[in-house]
Amino acid sequence: MTQQGRPILIAYEGAIEGERWTLDEEYTTIGRSNDCDVVLPDRQVSRQHAGIERDDGGYLLHDLGSKNGTFVNGEKVEGEPHRLHDGDEIQIALSVKLGFVGADATIPLELTGPRRGLHVDRPAKRVFIGGQEVLPPLSPAQYRLLKTLLDHEGDVVSRDAVVEAVWSGEEAYGVTEQAIDALVHRLRDRIAVLDPDHEYIVTVRGHGFRLDNR
């Protein structure tokens, strides 16, 4: 578990999927160079790609003039730094996705509730199936989808509601049926690793999706 009181970065995609870094310095560098605090060994990543600065208001993400860009929730970081919030998805170039998990969510909490089925520790954004934690953690998009279904457990969530919950701003425009189905498929696969015998996410044809956590 990470250091209490500090946010963390979690790699969701790429060769280092599942790795975590605690942001316990005033300034954290991200890039391909071995001199960086967060080393991303990918040719699309610049040697000094991005930096995260801690100030009185929290954490600011800077792009350091990278060749392939730095993005937060699909929006490119240019000029002014981006103020990071819990749950933000940071994309480094086109190859690595990192999740920013706020300080309050890093505090270890005991798992409570039933030892069967699906359980979400919301403050820590940890997901458990039958008492076993899903590792590496779900991507931000997968977590937002699961949280939406859990918030409406037993009810059908329409595809439009899924888009609204998972994709924000301009990113939501042009989301295809295939993109929604692909996200649902990936989440099902992650859950099935720990419980292949139960279908937690049910497709209701012509309407949307329903969570069956019985």
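Colleague: Which residue is the bridge partner of L61 in β9?

Modeller: In β9, L61 has H82 as its bridge partner. Please keep in mind that this is a predicted model. β6 and β9, the latter covering residues 82-83, pair in the antiparallel sense over 2 bridges.

Colleague: And what stands opposite L61 in strand β5?

Modeller: That is I52, which stands opposite L61 of β6. Strand β5 (residues 50-55) and β6 run antiparallel and are joined by 6 bridges. The two strands form a hairpin, with 2 residues between them.

Colleague: What holds paired strands together in general?

Modeller: Strands of a sheet pair through backbone hydrogen bonds, and the pairing is either parallel or antiparallel.

Colleague: Let us take T29. Where does it lie, and is it buried or exposed?

Modeller: T29 lies in strand β3, which covers residues 27-31. Its relative accessibility is 15%, so T29 counts as buried, the cut-off being under 20%.

Colleague: Which residues is T29 in contact with, beyond its neighbours in sequence?

Modeller: Leaving aside neighbours within four places in sequence, T29 is in contact with D35, C36, D37, V38, Q48, A50 and G51.

Colleague: New topic: the sheet with β15, β16 and β17. How is it arranged?

Modeller: These 3 strands form an open sheet in the order β15-β17-β16, with antiparallel pairing. β15 (156-158) and β16 (201-204) are the edge strands, each pairing on one side only. On average, neighbouring strands of this sheet are turned by 35° against each other, direction ignored.

Colleague: How many bridges join β16 to β17?

Modeller: There are 4 bridges between β16 and strand β17 (residues 208-211), and the two run antiparallel. As one example, T203 has F209 in β17 as its bridge partner.

Colleague: Which helices lie against these strands?

Modeller: Helix α1 (residues 140-151) lies across β15, β16 and β17, and runs at about 70° to β17. Helix α3 (residues 177-192) packs on the sheet as well, touching β16 and β17. The direction of α3 makes about 150° with that of β16.

Colleague: What about the largest nonpolar core? Which residues have the most contacts inside it?

Modeller: That core has 26 residues, and L118, L145, V162 and I201 have the most contacts inside it. At least two residues each come from β12 (118-121), β13 (126-129), α1, α2 (159-166), α3 and β17. Helix α1 gives the most, with 6 residues.

Colleague: What does L118 touch, apart from its close neighbours in sequence?

Modeller: Leaving aside neighbours within four places in sequence, L118 is in contact with F128, I129, L146, L150, I191, Y200 and N213. There is also a second, separate core of 21 residues, which includes L9, L23, A50 and I90.

Colleague: Now the charged residues. How many salt bridges does the structure hold?

Modeller: It holds 9 salt bridges. In one of them, K97 pairs with E89, and their closest N and O atoms are 3.8 Å apart. K97 is partly exposed, with a relative accessible area of 22%, whereas E89 is buried, at 13%.

Key. Residues numbered from 1 in each chain as written. Predicted model: local features only at pLDDT ≥ 70, side-chain atom pairs only at ≥ 80, totals over all residues. Heavy atoms only, no water. Pairing = 2+ DSSP bridges. Axes fitted to C-alpha atoms, helices over the stretch in contact; angles between N-to-C directions. Contact = heavy atoms within 4.5 Å. Core = buried A, V, L, I, M, F, W, Y, C linked by side-chain atoms within 4.5 Å. Buried < 20%, exposed > 50% of the residue type's maximum accessible area, 1.4 Å probe, protein only. Salt bridge = Lys/Arg side-chain N within 4 Å of Asp/Glu carboxyl O.
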